[in-house]
Structure formats: C-alpha cells, structure tokens
Amino acid sequence: MDDLERQLDLECHLKDALTRKQAPDWFEAKVLAAAARETSAPAGFWQRLMAGARLRWASAVLASAAVLASGLAWQHERAVRERTEGEAAKAQLQLALKVTRVKLRKIGQKLDQMERN
Amino acid sequence: MRIACWLLIALLPAVAQELKLPPGLDKLADKATETVDVTMDQSLLQLASKFLSDKDPDEARAKKLVAGLKGVYVRSFQFEHPGEYDQSDLTMLRAQLKPPVWQRIVGVRSKKDGENAEVFLASDGNSVTGLAVICADPKELTIVHIIGQIKPEDLRDLGGNFGIPKFEIGGSHKSDSKEE
Amino acid sequence: MLAAAMAVESEPGAKTNASTFTDVLRANQSMVFSIAYHFLRDRAAAEEVAQEVFLQLYRNFDGIRREQVTFWLRKVASNRCIDYVRKRKVHAAVPLDDVPEPSVSGQPDDLLLNRKLQALVASLPETPRLVMVLRYQEDLMPDEIARVLEMPVRTVKSHLQRSLAMLREKIGRSMGEIR
C-alpha cells in the first residue's frame, strides 16, 4: 500500500473514530431550563416613565395619569414576570419528566433483557 | 458519567406528603460533577401547566399528567468515582416506602455493573397516588419524587409498561424482583 | 422573553428566519457536544462546555443570522474548549514527539483502533487537537477550519500534516500497519 493509500485509510479511520456522539438524554431540557432561569425581568416601567417625564404643567392631570399608568404598569410587569416564571417552571417540569421517562425506560429495558436471558 | 437519579413519587391517600430526603443528599451536590435538582410544588406545577401547549402532543400529555399532581421532585447526581454516596441514605429513603401506603413493584439489581433500580407505587385503595423510583448506580444516583393522582394511562406514558406484572390497585401483588 | 426567543415567527429579513432557539439546539446539540467530547474526552466536562455554548447562543440569538449559526457554534465551542482546558490546566501542551504510544498492543481491531485514535487525538496539544476534531468529525476543509479558528490556512495544514504523521507512526508501532 503506498503512502497515499495509507493516508486515506488513516483518514477514514479517523472519521470513524471521531464520529459525532449523541448528546446526553436530557441535555436539551437542561439547556432550556438554564436559559429560562437566565431570563430576567425587564427594567422597571417607572424608571422608563420618569426618565422621559418633562412636563411641568397640569400636575393634577399628570397625577391622575400617573395613577392610571401605575396600575397598568403594575399589571404589565406582573404579566411579564409571570410569563418569565412560567416558562422557567415549564422548562423545569419538562426536565423532570424527561429524567423520569429515561430512567423508567431503562428499567423496563433491563427487565426485558433479563427475561430474555 | 452517570447521573444518579432518585425517582420518588410519593403520594399519600388523604394528604400528599413529601418524602423526607436524607440530609446526606444535600451534600452530594458538592461532590457530584453534575446535578439535576427540580423542586416543584402544586402552585409551581399549575404555573408550568399554564404554559404547556395543547397543540404540542408532548406538552399536552404533560399537561394531562400534571393536572392531578401535587409535587414533582428530582435529585440526580453524577459522580466521577464510585462510592461517593452513602447507602445508608438509601436505606433511610426506602424505610419511608413501606406498606400499607407504598408497595415495591419492581426491583432490578445487577451484580455485574452494580446497578440497582426500584419502583414503588402508592395507592389509596382506588387509584395510584404516588410513584417512587430509586436508581442507584455506582457513579450515579437519581431520585424522582412525584406526588398526586396518576392515572394508569399517564403512568404508562411516563414509563411504559416496563414489565410491571399484574399490578392491582389496592390488592396484593407479587413484586417483580430480578437480579442478574 | 424566553417564549419570544424560542418562538420567533418567520418575517422577511428576520435574522433567525423561521428557526427557534429550541430548533437550533435540537439540531446542533450533538455537534457541539461531540466537539467538546472529542477534545476533552470527558463526558461531564463536554456537557458543561456544550451547555455554556448554547447559553451563549441563547443570549445572542437575535443577533445571529440563521445561516451563520453552525459556524458560530463551531467557533464558540472551539473557543470554550480551549478556555476550559486552560482554566483548569487539564491538559498541559505536549510536544507531538512526546505523545506516548498506546499502551495496549494487539491485532488491529476496528473498535480498539478507534479508541486508540480517539486517545491519541485527545493527547495532542490543544490547537492541533481542535484542528483534527474539526477536520475529521465535522469534515471541514482546511480553509473552513482556518476561518473557525482564525488562523492562517497554512498553519491548519501544518497541524494536520504533523498530527497525521504522528498518529500513523504511533498507531503503526503499537498495532501494526493500518490497513
């Protein structure tokens, strides 16, 4: 076998040896759970509102608007927070169920194997 | 590395009770190279359920399962070397999974690779109220603990049949223990 | 935010087209995990590195074009692998000539040969190791590897040639001629 053939053979073996491995069973669920935990609440609505506030006149109107806005802002923040926490909880649940399924499936396979033997 | 998973599903007839996890378990995370730690009470489960889609088959199934649950707890540890966890912790755990509430329905033990797995079911006489699975391998320990009503079809969906023989809710049954 | 990142609707000109983060994760998790695994030869470490790569992707998802995701993942995975090793000093750089031969001798056998090759590749210094993984796991050509690792093509080719020569010599000595 000449050098080129040997080279090609080695490269073939290397491709075989370095073939992609399957990621662990619940890798995807773990990443999603970690990503969900990273998601943080946005900057406060009040901070954004006050940073833009320049009006000095009609303080009563402003006050009324502020009361109304704070109620809406609170609702908005709550909704965003709930969504964030909900997605995180969903990811955690999916991770837990995945772990459960994998383990129970392995037990089943082990039982089947033993019965066959 | 294998992940040690303790799958405990505890369900009490009248009031759902969490299994008391041995104190040694908390310290395992420091020794483990990898840990999965999920703690979800009923309110968190309900919150998660709101975000499960009815259109996705997997999520719809999960939503159906979660509807009757009161708690889901998972502790899973992977270790670099064998012998990192204490068998006495498992003994303490198993002591809580005894009749009349709990029945061990599957026990698989492999001397060859040191893997052990047990499945326990709890019932109130009418339905399955808890599921506990302990998977204890040399470099892996997994505990899953689920509290709540689990319908037979949800149980099948969760883990398939896995050879649970003739399990009768509320009746006597023969535990299917196998060893190789 | 997670829902938004995970369910981006397809819009004209959208950077990520119709792919969601979950789709990308699902499609590429084995690739990223394998790069880390073949580099580090440690499943737990590979999982840790792979998770960090995807979390970094998640943080930057909106700014990456869909057609660039694979390149981005390979690049970040490569960098993370190197960082991991350097931070932990897991694998000191070993001159190629000093890499030990496989300790088990015997008749050539596919499985045994694969393991030996994996071990030999993992014992290479960091950069040649990465070059070999990208070449033979990902089937990238030298110019593509050069772009991923940000090095000259001739450097990539040099790493490949030296690594192959070393592997052939060491495998040949311990297991007989590679057929």
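How many helices and strands are there in chain C? Chain C has eight helices and zero strands. Helices (H or I, at least four residues) and strands (E, at least two) are DSSP runs, numbered from the N terminus. This is a predicted model, in which local features need pLDDT of at least 70, side-chain atom pairs count only at pLDDT 80 or more, and totals for chains, interfaces and linings use all residues. Residues are numbered from 1 along each chain as its sequence is written, while chains are lettered from A and ligands numbered from 1 in the order in which they are written.

**View 1. Chain C and its elements.** From the N terminus, the elements of chain C run α-α-α-α-α-α-α-α. Buried residues make up 35% of the 179 residues of chain C. A residue is buried if 20 or more other C-beta atoms lie within 10 Å of its own, exposed if 12 or fewer, and partly exposed in between, with C-beta atoms placed from the backbone. Two residues are in contact if their C-beta atoms, placed from the backbone, lie within 7 Å. Of the contacts in chain C with a separation of 6 or more, 63% join residues 24 or more positions apart.

**View 2. Helices H4 and H6 of chain C.** The axes of H4(C) (residues 69–88) and H6(C) (residues 126–136) come within 11 Å and cross at roughly 150°. Axes are lines fitted to C-alpha atoms, for helices over the stretch in contact, and angles run from 0 to 180 degrees between N-to-C directions. From H4(C), C:Arg74, C:Ser78, C:Cys81, C:Ile82 and C:Val85 take part. They meet C:Glu126, C:Leu130 and C:Leu134 of H6(C). By class, this contact has five nonpolar, one polar and two charged residues. Ala, Val, Leu, Ile, Met, Phe, Trp, Tyr, Cys and Pro count as nonpolar, Asp, Glu, Lys and Arg as charged, and the others, Gly among them, as polar.

**View 3. The contact between chains A and C.** Chain A gives 30 residues and chain C gives 32 residues. On the side of chain A, H1 (3–17), H2 and H4 (59–116) each supply at least two residues. H1(A) gives the most, with ten residues. The side of chain A that touches chain C divides into twelve nonpolar, six polar and twelve charged residues.

**View 4. Helix H2 of chain A.** H2(A) (residues 27–38) has twelve residues. Its span from first C-alpha to last is 17 Å, close to the 16 Å expected at 1.5 Å a residue. The expected span is 1.5 Å times one less than the number of residues. The buried residues of H2(A) are A:Phe27, A:Lys30, A:Val31, A:Leu32, A:Ala33, A:Ala35 and A:Ala36.

View 5. Chain B has five helices and eight strands. Along the sequence, the pattern is β-α-β-α-α-β-α-β-β-β-β-α-β. Of the 180 residues in chain B, 46% are buried. The contact takes 33 residues from chain B and 23 residues from chain A. Helix H2 (residues 42–50) of chain B provides the largest share of the side of chain B, five residues. That side divides into 24 nonpolar, six polar and three charged residues.

**View 6. Surroundings of B:Gln42.** B:Gln42 lies in helix H2 of chain B. B:Gln42 is partly exposed because 15 other C-beta atoms lie within 10 Å. Leaving out residues up to four places away in sequence, B:Gln42 touches B:Lys70 and B:Gly71. The C-alpha atoms of B:Gln42 and B:Leu69 are separated by 6.8 Å, and these residues are 27 residues apart along the chain.
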